[in-house]
Amino acid sequence: MRTVRTLATAALAGAALLGLAAPGATADSPTPTADPSASAGPTEAGTTFRTAARFLPGQQASAQAATGDYLYWVFPADTGQRPTVNATVTLPDAALRHGSATWRIDVYDGLRRRQPCMYGTQSRTAVKEAATLELACVLRPVRASADAWSNDPLPGSYYVRLTVTSLPDDDLGQPFDARIGVSTVDKGGAYATDGGLAAPLVPGATTADQAEADADAGRPSAVEAAAPEDGWSSGWWSDRWLWTAAGGVLAALAGIGGYVLTRGTGRPSRIPPAA
């Protein structure tokens, strides 16, 4: 009975540790964000990377433009997040159009490297009678660091570009409306790495000396100005620490349980002490 109680205690302790670690293990669910209807983003878009309109995940950015224009927005993505970009294009009046049109969204990281989509339809053709068009791009999870030769997404600013890639020439210049939104899923320690960037990849990021000078002058640095609502993560902490600690404790408990099961009850009572 004592052995059973010992093993039961070890099992309960292990379950409690896993219960503490599980919330940090990041269930595949979006991070809490503000209601888009109550958190409107910019109502204009940039026409280049340098003039991209900034918005935050959970906000809805919108713009009105002429067909054929390139529209740019920028949003922050931090370590462990997997962003999903959604775009809705309200097309010109069907009576004014002369045929089908193909629209596309592309996403670039802070180094202006085009990032591939894991899932989603980032390019779609709208028939002449269509009124709206939906596009989506699910990016890969953002890593804290990466090898120089890799194209892994890194923390920092991410640019969204929307444009039409194919349409009748007579339809160029017709007005359309666009709406862009981004949601994020926290993937946590599953994509954590041992290293970290000196600073997130954002426009205007400079040296540590310049950042210190900005702080002394009371000015927000470029990295701070481009940060998410809750700031940038430190890069070294992830829920992998919780799982590592829990695994170590469970291994120790398993060793104790194995010893209790195999040590026996000692010297049999029927054998004389002097034997």
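Q: What does contact mean here, and which residues does Leu 135 touch?

A: Contact means heavy atoms within 4.5 Å. Not counting residues up to four places away in sequence, Leu 135 touches Val 85, Asn 86, Ala 87, Trp 103, Arg 104, Ile 105, Thr 121, Gln 122, Ser 123, Arg 124 and Leu 162. This is a predicted model, in which local features need pLDDT of at least 70 and side-chain atom pairs count only at pLDDT 80 or more, while totals for chains, interfaces and linings use all residues. Residues are numbered from 1 along each chain as its sequence is written, and side-chain values use heavy atoms, with hydrogens and water left out.

Q: Where is Leu 135 found, and is Leu 135 buried or exposed?

A: Strands (E, at least two residues) are DSSP runs numbered from the N terminus, and Leu 135 is found in strand β8, residues 132-138. Buried means under 20% relative accessible area, exposed over 50%, and partly exposed in between, with a 1.4 Å probe and protein chains only; Leu 135, at 3%, is buried.

Q: How far apart are Leu 135 and Ala 87 in sequence and in space?

A: Leu 135 and Ala 87 are 48 residues apart in sequence, yet their C-alpha atoms are 5.0 Å apart in space.

Q: How many disulfides does the structure hold?

A: A disulfide is a pair of cysteine sulfur atoms within 2.5 Å, and the structure holds one, joining Cys 117 to Cys 137 with an S to S distance of 1.9 Å. Cys 117 lies in the loop between β6 (114-115) and β7 (123-126) and Cys 137 in strand β8, so the pair ties together parts that are 20 residues apart in sequence. Cys 117 is partly exposed at 22% relative accessible area, whereas Cys 137 is buried at 0%.

Key: Helices (H or I, at least four residues) and strands (E, at least two) are DSSP runs, numbered from the N terminus.
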